[in-house]
Every structure is written in structure tokens, then in C-alpha cells.
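Work through these exercises with the model open. Each task is followed by a solution in steps.

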Amino acid sequence: QCLEAGKHVQVEIPMADSLADAERLVAAAARTGKVAMAGHTRRFNPSHQWIHKKIAAGELKLQQMDVQTYFFRRTNINALGQPRSWTDHLLWHHACHTVDLFHYQTGEICSVARAVQGPMHPDLGIAMDMSIQMKVPSGPICTLSLSFNNDGPLGTFFRYICDNGTYIARYDDLVDGKENPIDVSKVDVSMNGIELQDREFFAAIREGREPNASVAQVLPAYETLDRIEKSLR
């Protein structure tokens with residue numbers, strides 16, 4: 001509706017909770033010619049940018065992404081403890097970050113994408129635990145574990161296992177495999193991935209160009225999520 005009203009749009013991740021709705025959004029963006037960007041913040045975190053630049057320069061080759069997305073959330077509330085107007089989902093919300101990031105870091109689309117899930121919550125109607133496996137054609141794999149049952153540190157932690165080192169990204173911060181901090185302060189103009197994401201949105205509007213993480217660019221993540229969902233049936 002915002003696009004049809006002639007407004008530029010940045011939509012929070014996920015941009016949809018089904019492939020059909022994601023495709024409708026991409027079509028609306030193309031039809032209206034407005035800047036339409038999805039909030040895939042991992043593309044902008046300085047930690048992940050540092051890895052991305054090293055891969056692009058040929059200094060690192062990714063072998064495996066090992067990712068843990070853990071929360072303790074047995075009621076349908078958001079990060080501020082407020083009720084959600086929609087049902088949160090391990091696959092269509094939380095896995096979406098990692099699926100898109102895996103595509104982005106490898107420059108490829110998954111050739112293998114499958115999952116298993118634990119029992120469905122009796123009230124929420126969603127799985128509270130999930131394990132996802134992915135692979136891209138050139139060989140790198142991604143192992144993703146997700147849970148709403150984890151009683152411990154909350155959030156998502158990314159381990160990049162590369163041919164030339166191991167790196168662990170925790171939001172905007174980065175350490176090596178031995179927990180030695182890596183200075184990412186010079187990667188971009190800010191150390192805050194959400195700020196960098198917003199800066200990209202406004203820059204794309206000013207410059208009349210497609211933004212990084214446009215709805216069209218991230219659509220393959222939703223196509224992969226759809227494949228994973230079908231693998232669970």
C-alpha cells in the first residue's frame with residue numbers, strides 16, 4: 001500500500017512470511033519504481049562486512065557457516081516483551097537472516113536446503129526448535145540451529161570456518177576462533193549495523209539507485225525458505 005501511494009519503503013525483516021507475499025512485494029516495487037529495501041541487517045553489520053570484503057578480495061574462502069539462533073520465548077512477545085500482532089517464526093523470521101547472509105557471503109544460491117523441526121507448540125502452532133542444512137554449488141555449507149527453548153544467552157552467533165582462519169560474529173563485533181578481538185571500526189562510517197542499513201536506504205533514495213538488500217536482491221532467501229518449509233512437510 002505504501003509503494004502504491006508513491007512512498008519509498010524499508011520493511012523490517014521478514015518482508016513476508018510466505019513466498020507468494022514476497023513475490024507480490026517485489027512486483028509492486030518494480031511496478032512503482034520506488035526504492036524498496038528489506039531490513040536484512042546482517043549485510044550491514046561491520047563484522048559481516050569485514051568477512052564479505054575479505055572473501056571478495058580473495059583473502060578468505062568460506063568452508064562452513066555454523067550459526068546458532070537462540071531465544072527463550074514460549075509466548076508470542078517481541079524483544080521488548082510486548083505482544084506481537086503476528087506469530088513469530090523460527091523459519092520465516094529468524095532463519096531468514098542466515099539464509100540471506102549465506103547467499104550474500106558466497107555469492108551463490110543454495111543448491112541444497114532442508115530442515116528438521118521439533119514438536120509444535122500447542123498454542124502458538126509453530127515449532128520451537130529447528131535444524132537447517134544448506135549448501136551452495138561451489139561447496140560451502142551452512143549449519144543453522146534455532147530454538148525458542150534455550151535458557152541462556154539470547155541472539156544469533158555466526159562462526160565462519162574458512163580456509164585461512166575462523167571468525168565469530170556477534171552482531172557488530174568480530175573475534176577470531178581463539179576469541180581475539182578484530183578491529184572493525186574502519187570498515188564503515190559507523191559501528192552500528194542498523195544505522196548503516198538506514199544510511200543505505202536514504203542514500204539509495206538520494207542517488208536514485210537500487211539499495212543493497214533491495215526486496216529483489218533478497219527474494220532468493222524467501223525462495224529458499226519456501227523450499228525448506230516444503231522439506232518439513
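**Exercise 1.** In which hand of crossing does H3 pass H5? Describe the packing of this pair as well.

*Solution.* This is a predicted model.
- Step 1: Start with the hand. The crossing in which H3 passes H5 is right-handed.
- Step 2: Take the geometry. Helix H3 covers residues 90–106 and helix H5 residues 215–231. Their axes come within 9 Å and cross at roughly 125°.
- Step 3: Classify the angle. Over 145 degrees would count as roughly antiparallel, and 65 to 115 as roughly perpendicular. H3 and H5 are therefore oblique to each other.
- Step 4: List the contact residues. H3 contributes Leu-91, Trp-92, Ala-95, Cys-96, Val-99, Asp-100 and His-103. On the H5 side, the contact includes Val-218, Pro-220, Ala-221, Tyr-222 and Ile-228.
- Step 5: Sort by class. The contact of H3 with H5 has 11 nonpolar, two polar and three charged residues.

**Exercise 2.** At what angle do helix H1 and H5 pack? Assign the orientation and the hand.

*Solution.* 
- Step 1: Read the angle and distance. H1 (residues 19–32) packs on H5 at about 165°, and the axes are 9 Å apart.
- Step 2: Apply the cut-off. Angles over 145 degrees count as roughly antiparallel. H1 and H5 therefore fall into the roughly antiparallel class.
- Step 3: H1 passes H5 in a left-handed crossing.
- Step 4: Find the residues that meet. Leu-19, Ala-22, Glu-23, Leu-25, Val-26 and Ala-29 lie on the H1 side. They meet Val-215, Ala-216, Leu-219, Tyr-222, Glu-223 and Asp-226 of H5.
- Step 5: Sort by class. This contact of H1 with H5 has nine nonpolar, no polar and three charged residues.

**Exercise 3.** Is Ser-47 buried or exposed? Locate this residue and its contacts.

*Solution.* 
- Step 1: Ser-47 sits in helix H2, residues 46–56.
- Step 2: Check accessibility. Buried means under 20% relative accessible area. Ser-47 has 0%, so Ser-47 is buried.
- Step 3: List the contacts. Beyond neighbours within four places in sequence, Ser-47 is in contact with Ala-169, Tyr-171, Asp-172, Asp-173, Leu-174 and Val-184.

Terms used. Residues are numbered from 1 along each chain as its sequence is written. This is a predicted model: local features need pLDDT of at least 70, side-chain atom pairs count only at pLDDT 80 or more; totals for chains, interfaces and linings use all residues. Side-chain values use heavy atoms; hydrogens and water are left out. Helices (H or I, at least four residues) and strands (E, at least two) are DSSP runs, numbered from the N terminus. Buried means under 20% relative accessible area, exposed over 50%, partly exposed in between (1.4 Å probe, protein chains only). Contact means heavy atoms within 4.5 Å. Axes are lines fitted to C-alpha atoms, for helices over the stretch in contact, and angles run from 0 to 180 degrees between N-to-C directions. Angles under 35 degrees count as roughly parallel, over 145 as roughly antiparallel, 65 to 115 as roughly perpendicular and the rest as oblique. A crossing is left-handed if the near helix is turned anticlockwise from the far one by less than a right angle, and right-handed if clockwise. Ala, Val, Leu, Ile, Met, Phe, Trp, Tyr, Cys and Pro count as nonpolar, Asp, Glu, Lys and Arg as charged, and the others, Gly among them, as polar.
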